[in-house]
Amino acid sequence: CIWTGKMVPPASRHVLGITEPMCRQVPGNHAINQLKSQVFHRLAVMMLEDPSITDSERAKMEVAVWYLRVSVKIDGSQKDAQFKLGGLLLRCDDLEDALRCFRAVTRVAPEFAEAWNNLGVAQDRLGAKDDACKSFQEAMRCKANFQSAICNLSIITLR
């Protein structure tokens with residue numbers, strides 16, 4: 001998926017019929033933007049979860065990432081779309097963009113332990129050990145006995 005200031009859809013039959021105006025915000029209409037964002041988020045989830053879509057995993061992820069990028073471009077406050085996008089980008093090793101997504105989620109939903117944990121994973125993979133430790137600690141503050149964060153913090157501490 002290419003990001004050059006505007007959304008460039010992947011070459012896929014699954015995005016046919018989606019026009020550029022559909023991917024834009026409606027100025028001053030938060031309710032419509034929220035709805036449009038949720039539609040693109042749902043399309044991404046369907047793309048990933050629908051067993052009848054027989055494309056390769058990579059092709060499915062590419063389309064899902066595109067849908068989620070459109071979703072968060074329309075309404076950046078959609079924490080679930082931001083979180084799912086960050087997770088896919090983390091899996092694709094697009095660490096800088098994943099980091100931006102998880103930071104956005106933690107700004108909108110500071111008690112979202114899983115977002116703090118994934119932020120820590122991205123930071124660790126980018127070599128920011130101290131920041132990663134802080135993120136894992138924040139995840140544990142949000143969710144006591146959060147095993148993923150405990151394990152991630154332990155691994156960093158042992159390195």
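Is Phe-83 buried or exposed, or does it fall in between? Phe-83 is partly exposed, with a relative accessible area of 22%; buried means under 20%, exposed over 50%, and partly exposed in between, using a 1.4 Å probe and protein chains only. This is a predicted model, where local features need pLDDT of at least 70, side-chain atom pairs count only at pLDDT 80 or more, and totals for chains, interfaces and linings use all residues. Residues are numbered from 1 along each chain as its sequence is written, and side-chain values use heavy atoms, leaving out hydrogens and water.

**Aromatic pairs**
- The structure holds 5 aromatic pairs. Rings of Phe, Tyr and Trp (its six-membered ring) pair if their centres lie within 6.5 Å; planes under 30 degrees apart count as stacked, over 60 as edge-to-face and the rest as tilted.
- Phe-40 and Tyr-67 make a tilted pair, 6.2 Å centre to centre with 45° between the planes.
- Phe-40 lies in helix 1 (residues 30–49) and Tyr-67 in helix 2 (residues 57–74), so this pair ties together parts 27 residues apart in sequence. Helices are DSSP runs (H or I, at least four residues), numbered from the N terminus.
- Both Phe-40 and Tyr-67 are buried.
- Phe-40, Trp-66 and Tyr-67 form one aromatic cluster.

**Phe-83 and its partner**
- Phe-83 and Phe-102 have ring centres 5.8 Å apart and planes at 65°, so the pair is edge-to-face.
- Phe-83 is in helix 3 (residues 79–91) and Phe-102 in helix 4 (residues 95–108), 19 residues apart.
- Phe-102 is buried, with a relative accessible area of 0%.

**A charge over a ring**
- The charged end of Lys-143 sits over the ring of Phe-146, 4.6 Å from its centre. The cut-offs are NZ of Lys or CZ of Arg within 6 Å of the ring centre and within 35 degrees of the ring normal.

Key: Helices (H or I, at least four residues) and strands (E, at least two) are DSSP runs, numbered from the N terminus.
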